[in-house]
Amino acid sequence: MSEQETKSGFIAIVGRPNVGKSTLLNQLLGQKVSITSKKAQTTRHRILGIDTDGAYQTVYVDTPGLHMEEKRAINRLMNRAASSSIGDVDMVIFVVEGTHWTDDDEMVLNKLRRAKRPVILVINKIDQFKDKSILLPHIQELTSKFEFEQIIPLTARSSEQMPALKKAVRDYLTPGMHYFSEDSVTDRSVRFMAAEIIREKLIRYTGEELPYSTTVEIEKFQDQPSGVTLIHGLILVEREGQKRMVIGNKGSKLKTIGQDARRDIEKLIDNQVNLQLWVKVKSGWADDERALRSLGYGEE
């Protein structure tokens, strides 16, 4: 296919924390590239999801949730990563949650006004409404706030409205070469994805016990002569009490996290994995920009 026939473009997926941006990205791609949980601010890095369909290549940019509170260095870096994405793309998908509208949603909308990019509004989690007519006054109110190209109500966990959203996005792709190979799904390394899978399980199994004062660093990712991939993962927490929480009674919680993460990593790399996890206390890492950059934050 010649260069003249192909089309491509970058599409940012933005919104406040916990509205379903990563779930939407995974659904658009038909596979998981971005971790999800019910907790806000699960996504910390800007991640590209690449969807190539014949002549069209759509590069979705999944961003951390934009939020007004910037109490810690990690929050500032996450906001910076999300904000910078808006100005670097061809169009934006703005995700909101049902009829909930918050100050953070208003802040995101103000950034979109300044960016002057075409915006598709996605109203997520409409499965929570038995009577969909409840959405109509809310949609009318939102259209008075901003001139959206389209408004698409959907449920990100379902594939039902994905063809309509993909079709709407394609109108904003521009003629030119594809940026990535046809079989690429993300720009992130397998090493990065393994760290994210471990962090997803960490969030899942610690529930509300553990705040967001934790991250994962892959210290070793090595194919062994036996054919098994050896992975050493270091879980960083800020306090000794958090370390005990992650390890659990006689190491039970850490073992469960490791077993669940290993299964997902094996699916990702299609190979047997020997995953070994350690927990280390590193006080104040989430407030230290230098430490955060060494862990890969703010490099996007």
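Throughout this tour, a residue is called buried when its relative accessible area is under 20%, exposed when that area is over 50%, and partly exposed in between, with a 1.4 Å probe and protein chains only. The model is predicted, and for that reason local features need pLDDT of at least 70 and side-chain atom pairs count only at pLDDT 80 or more, while totals for chains, interfaces and linings use all residues. Residues are numbered from 1 along each chain as its sequence is written, and side-chain values use heavy atoms, with hydrogens and water left out.

**The whole chain**

Begin with the protein chain coloured by secondary structure, which comes to nine helices and 10 strands; helices (H or I, at least four residues) and strands (E, at least two) are DSSP runs, numbered from the N terminus. Of the 300 residues of the chain, 50% count as buried. If contacts (heavy atoms within 4.5 Å) with a separation of 6 or more are taken, residues 24 or more positions apart account for 71% of them.

**Helix α4**

Select residues 135-145, helix α4, and show the side chains of Leu135, His138, Ile139 and Leu142, the buried residues of this helix. These residues lie on the same side of α4, because they cover an arc of only 100 degrees around the axis, the arc being that of the directions from the helix axis to the C-beta atoms. An α-helix has 3.6 residues a turn, so residues three or four places apart point the same way. On the face turned away from the buried side, the exposed residues are Leu136, Pro137, Gln140 and Ser144.

Keep α5 (residues 162-170) on screen together with α1 (residues 21-29): the axes of the two helices come within 10 Å and cross at roughly 90 degrees, where axes are lines fitted to C-alpha atoms, for helices over the stretch in contact, and angles run from 0 to 180 degrees between N-to-C directions. The two helices are therefore roughly perpendicular to each other (65 to 115 degrees; under 35 would count as roughly parallel, over 145 as roughly antiparallel and the rest as oblique). The contact is made by Leu24, Gln27 and Leu28 of α1 and by Met162, Leu165 and Lys166 of α5.

While α1 is displayed, pick Ser22, which is placed in this helix and is buried, with a relative accessible area of 7%. Ser22 and Ala156 are 134 residues apart in sequence and 9.0 Å apart in space, C-alpha to C-alpha. In strand β1, select Ala12, a buried residue with a relative accessible area of 0%; its C-alpha atom is separated by 6.4 Å from that of Asp62, 50 residues apart along the chain.

**Aromatic rings**

The structure holds three aromatic pairs, with rings of Phe, Tyr and Trp (its six-membered ring) paired if their centres lie within 6.5 Å, and planes under 30 degrees apart counted as stacked, over 60 as edge-to-face and the rest as tilted. One of them joins Phe94 and Trp101 edge-to-face, at 6.1 Å centre to centre and 75 degrees between the planes; Phe94 is buried at 0% relative accessible area, and Trp101 is partly exposed at 24%. Another, between Phe146 and Phe148, is tilted, with 4.9 Å centre to centre and 50 degrees between the planes, and both Phe146 and Phe148 are buried.

Then select Arg188 and Phe192: the charged end of Arg188 sits over the ring of Phe192, 4.2 Å from its centre, the criterion being NZ of Lys or CZ of Arg within 6 Å of the ring centre and within 35 degrees of the ring normal.

**Two backbone stops**

Most residues other than glycine have a negative phi. In the loop between β1 and α1, look at Asn18, whose phi is near 65 degrees, a positive value; at 31% relative accessibility, Asn18 counts as partly exposed. Finish at Lys250, in the loop between α7 (240-247) and α8 (252-269), where phi is near 55 degrees, again positive, and where Lys250 counts as exposed at 84% relative accessibility.
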